[in-house]
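Load the model in your viewer and keep the selection tool at hand. The stops below are meant to be taken in order.

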Amino acid sequence: MSVNSPRTTPKVAIKLLLSLAIFLALGGCRGPQKNPELQLWTIQLSPKFDPLIKAMLLDWETKHPGVKVRWTDLPFGSVERKVLAAVFARTAPDVVNLNPLFAANLASKGGLLPLQDRLGPAKATYLPQILRAGEQQGELYALPWYLTARITLANRQLLQQAGYNKPPRRWEEVPAYAERIKQRTGKYALFVTVVPDGSAELLESMVQMGVELVDSRHRARFNSGPGRRAFALWTDLYRRGLLPREVVSQGFQRAIELYQSGELAQVASGAEFLNTIQTNAPRVAAATEPFPPLVGADGAANVAVMNLAVSRQTSRPKEAVDLALYLTNPANQLRFARAARVLPSSQPALKAIEAELALASRSGVKADLVQRARLLSAQTLSHAKVLVPADPGVKRLQAIIYGQLQRAMLGELSSAAALAAAEKEWNAYAVARWP
């Protein structure tokens with residue numbers, strides 16, 4: 001429909017013009033560069049990984065004579081603001097490190113280069129379920145780089161006091177487990193925040209319990225049988241005093257504090273969190289054991305992904321894609337995973353990491369706690385995926401669901417009424433954004 005059509009209201013015309021301006025700003029090319037230089041932006045890797053990243057880039061430059069890479073590393077808290085500012089100034093980096101949600105937002109506005117037909121044989125090297133997290137409507141806009149898979153870290157002493165030798169594996173087992181932990185130890189079983197802008201763990205738990213969040217038109221699907229059971233589970237746990245009171249007011253940092261002080265039986269985190277426990281709470285660390293994560297009926301665990309994407313503004317798309325592929329190839333993923341103690345999204349690199357960690361365990365050398373947790377995390381990837389799709393509106397969806405669930409927990413509404421209110425609120429937003 002033309003913006004000058006008599007059927008277009010002034011409000012719609014303004015919206016269309018703004019959308020067009022955003023699209024042009026995001027997709028507009030920078031034009032020819034005087035210096036053959038690529039801009040690479042990453043998130044919070046410098047100075048710790050300077051030697052490794054610089055060595056990789058130097059190697060890439062020797063294979064591409066005449067093309068230099070300028071590497072800029074940004075603090076985690078400022079990356080989205082700086083990327084958006086660069087996009088609108090038409091100085092966007094050629095290759096940029098993004099999380100899936102921000103990548104989805106940029107892709108939905110035409111800001112990222114489609115990659116589906118540019119990968120060639122390299123496509124087969126990535127973990128398929130992880131690669132799909134960078135897709136939107138059948139097109140690929142981001143390459144997975146490094147991963148963290150959440151596992152359960154549990155305090156063996158508290159488990160034993162409650163009569164358990166391991167924590168539960170399924171969400172439906174949590175209510176009875178939480179009750180016994182509380183009765184026999186006076187502590188809490190777990191902490192899952194319901195702060196609207198906090199961790200997505202509770203939203204992910206709903207997906208694991210069989211909840212479909214939205215349909216292909218972005219309309220609510222969560223007011224369903226599984227959705228009502230999930231809302232009832234969390235509401236009941238809170239009202240019975242089986243969750244810390246702070247889950248409605250504080251984020252994941254509070255879970256860390258409570259676990260380190262011995263007030264939580266378990267916490268869901270990546271293996272790297274163990275370093276923090278060992279430093280801050282050595283007695284709790286000594287009692288900590290890694291276990292598989294909580295899952296639903298299909299056994300799917302969650303994985304967090306860091307991506308590399310190519311800006312549509314790049315004036316050197318071939319070289320930019322090649323740089324992204326180079327940094328995420330199996331050899332370089334393996335180098336980075338070893339140095340950063342994360343997990344690779346490359347199938348060959350993941351097999352190598354698993355073999356190294358397993359060998360240390362079998363060789364008679366006692367694997368340290370972090371090493372054992374990393375091996376468990378690596379093994380978890382075989383049944384892990386990004387549980388909450390990187391939809392442009394997912395943060396708003398989380399805020400709405402959490403906000404209404406808080407009302408149920410605090411006794412303002414029944415859990416069923418709160419879920420219905422969340423459905424109504426989300427659909428009003430969705431209709432306005434995706435008519």
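Predicted model: local features only at pLDDT ≥ 70, side-chain atom pairs only at ≥ 80, totals over all residues.

Residues are numbered from 1 along each chain as its sequence is written, and side-chain values use heavy atoms, with hydrogens and water left out.

**Nonpolar cores**

Select Leu213, Phe222, Trp234, Ile277, Ile401 and Trp426: within the largest nonpolar core, which has 76 residues, these touch the most other members. A nonpolar core is a set of buried Ala, Val, Leu, Ile, Met, Phe, Trp, Tyr and Cys residues joined through side-chain atoms within 4.5 Å. Buried means under 20% relative accessible area, exposed means over 50%, and partly exposed lies in between (1.4 Å probe, protein chains only). Helix H17 (residues 394-409) supplies the largest share of this core, eight residues. Helices (H or I, at least four residues) and strands (E, at least two) are DSSP runs, numbered from the N terminus.

Next, centre on Trp426. Leaving out residues up to four places away in sequence, Trp426 touches Val214, His218, Arg219, Ala220, Phe222, Gly393, Arg396, Leu397, Ile400 and Trp434. Then select Leu119, Tyr126, Leu308 and Val310, which are among the members of a second, separate core of 53 residues.

**Helices H9 and H17**

Two packed helices are described by the angle between their axes and the distance between the axes. For H9 and H17 the angle is about 45° and the axes are 9 Å apart. Axes are lines fitted to C-alpha atoms, for helices over the stretch in contact, and angles run from 0 to 180 degrees between N-to-C directions. H9 and H17 are therefore oblique to each other; angles under 35 degrees count as roughly parallel, over 145 as roughly antiparallel, 65 to 115 as roughly perpendicular and the rest as oblique. To see the contact (heavy atoms within 4.5 Å), show Phe231, Trp234, Thr235, Tyr238 and Arg239 of H9 with Ile401, Gln404, Leu405, Ala408 and Met409 of H17.

**Salt bridges**

The structure holds 15 salt bridges, each a side-chain nitrogen of Lys or Arg within 4 Å of a carboxyl oxygen of Asp or Glu.

- Select Arg70 and Glu37, whose closest N and O atoms are 3.5 Å apart. Arg70 is in strand E2 (residues 68-74) and Glu37 in strand E1 (residues 37-43), 33 residues apart.
- Select Arg240 and Glu179, with closest N and O atoms 3.2 Å apart. Arg240 lies in the loop between helix H9 (225-239) and helix H10 (252-260) and Glu179 in helix H7 (residues 174-185), so this pair ties together parts 61 residues apart in sequence.
- Select Arg338 and Glu356, with closest N and O atoms 2.3 Å apart. Arg338 belongs to helix H14 (residues 330-340) and Glu356 to helix H15, 18 residues apart. Arg338 is partly exposed at 45%, and Glu356 is partly exposed at 34%.
- Select Arg156, Glu289 and Arg372, which salt bridges with shared partners join into one network.

**Ser346**

Is the last stop, Ser346, buried or exposed? Ser346 counts as buried because its relative accessibility is 0%. Ser346 sits in the loop between strand E11 (343-344) and helix H15 (347-362). Beyond its neighbours within four places in sequence, Ser346 contacts Thr125, Tyr126, Pro330 and Gln333.
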